[in-house]
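The structure is shown below.

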Amino acid sequence: MFYRLAADAVLVIHLLFILFALFGGLLLLWRGWLIALHLPTAIWATVVGFLGWVCPLTPLENELRAASGEQGYDGGFIEHYLLPLIYPANLTLNMQLFFGITALSINLAIYSLVLYLRSRQKGKL
């Protein structure tokens, strides 16, 4: 039971990491210092997509699932709803490149918005 819960926790952390990598730049409007956390995360997500690397969280989760005796991802809420978001069926290098371009594009747009809004705030002072 411990290994299954640990694998589910890794899956949730993985999803939160992906969401932070894609949209965490918006938090810079709230706290600018978060750039120290977000920028490396966004760069990692982009590089993983462009180079077709495997995130270290993936093998960790798979090892935990194997240790729990699970054969696959059929089962509860986490497996049914979250896994397809993180591990699309038939993942190809072209799909990973698309994900990398998407991560880069979203972050460029968010950082442009943050810089624009911050420059407007400074102009009003």
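## Packing of α1 and α2

Helix α1 (residues 2–23) and helix α2 (residues 35–51) pack with their axes 8 Å apart and at an angle of about 105°. Axes are lines fitted to C-alpha atoms, for helices over the stretch in contact, and angles run from 0 to 180 degrees between N-to-C directions. The two helices α1 and α2 are therefore roughly perpendicular to each other; angles of 65 to 115 degrees count as such, those under 35 as roughly parallel, those over 145 as roughly antiparallel, and the rest as oblique. On the α1 side the contact (heavy atoms within 4.5 Å) is made by Phe17, Phe20 and Ala21, and on the α2 side by Leu37, His38, Thr41, Ala42, Trp44 and Ala45. These residues of the contact of α1 with α2 divide into 7 nonpolar, 2 polar and no charged. Here Ala, Val, Leu, Ile, Met, Phe, Trp, Tyr, Cys and Pro count as nonpolar, Asp, Glu, Lys and Arg as charged, and the others, Gly among them, as polar.

## Model and conventions

This is a predicted model, in which local features need pLDDT of at least 70 and side-chain atom pairs count only at pLDDT 80 or more, while totals for chains, interfaces and linings use all residues. Residues are numbered from 1 along each chain as its sequence is written, and side-chain values use heavy atoms, with hydrogens and water left out.

## Overall content

The chain has 5 helices and 0 strands, and its elements run α-α-α-α-α from the N terminus on. Helices (H or I, at least four residues) and strands (E, at least two) are DSSP runs, numbered from the N terminus.

Of the 125 residues in the chain, 28% are buried. Buried means under 20% relative accessible area, exposed over 50%, and partly exposed in between (1.4 Å probe, protein chains only). Among the contacts in the chain with a separation of 6 or more, 73% come from residues 24 or more positions apart.

In helix α3 (residues 57–67) the buried residues are Thr58, Glu61, Leu64 and Arg65. They cover an arc of only 130° around the axis, which puts them on the same side of α3; the arc is that of the directions from the helix axis to the C-beta atoms. An α-helix has 3.6 residues a turn, so residues three or four places apart point the same way. The face of α3 turned away from this buried side carries the exposed residues Glu63 and Ala66. After α3 comes Gly69, with a positive phi near 90°.

Arg65 counts as buried because its relative accessibility is 4%. The side chains of Arg65 and Glu61 are joined by a polar contact of 2.8 Å. A polar contact is a pair of N or O atoms within 3.5 Å; within protein, one must be able to donate a hydrogen and the other to accept it, and residues adjacent in sequence count only if both atoms are side-chain atoms. Thr58 is also buried, with a relative accessible area of 15%. Not counting residues up to four places away in sequence, Thr58 touches His14 and Tyr87. Leu60, also placed in α3, is partly exposed at a relative accessible area of 38%. Leu60 and Ala6 are 54 residues apart in sequence, and their C-alpha atoms are 9.6 Å apart in space.

Leu28 lies in the loop between α1 and α2 and counts as buried at 4% relative accessibility. Leaving out residues up to four places away in sequence, Leu28 touches Leu34, Ile35, Tyr111, Val114 and Arg118. Tyr111 is 83 residues from Leu28 along the chain, with 8.6 Å between their C-alpha atoms.

Ile106 belongs to helix α5 (residues 93–124) and is partly exposed, with a relative accessible area of 22%. Apart from neighbours within four places in sequence, Ile106 is in contact with Leu22 and Phe23. The C-alpha atoms of Ile106 and Ala42 are separated by 9.7 Å, while the two residues are 64 residues apart along the chain. Ala42 is also one of the α2 residues in the contact with α1.
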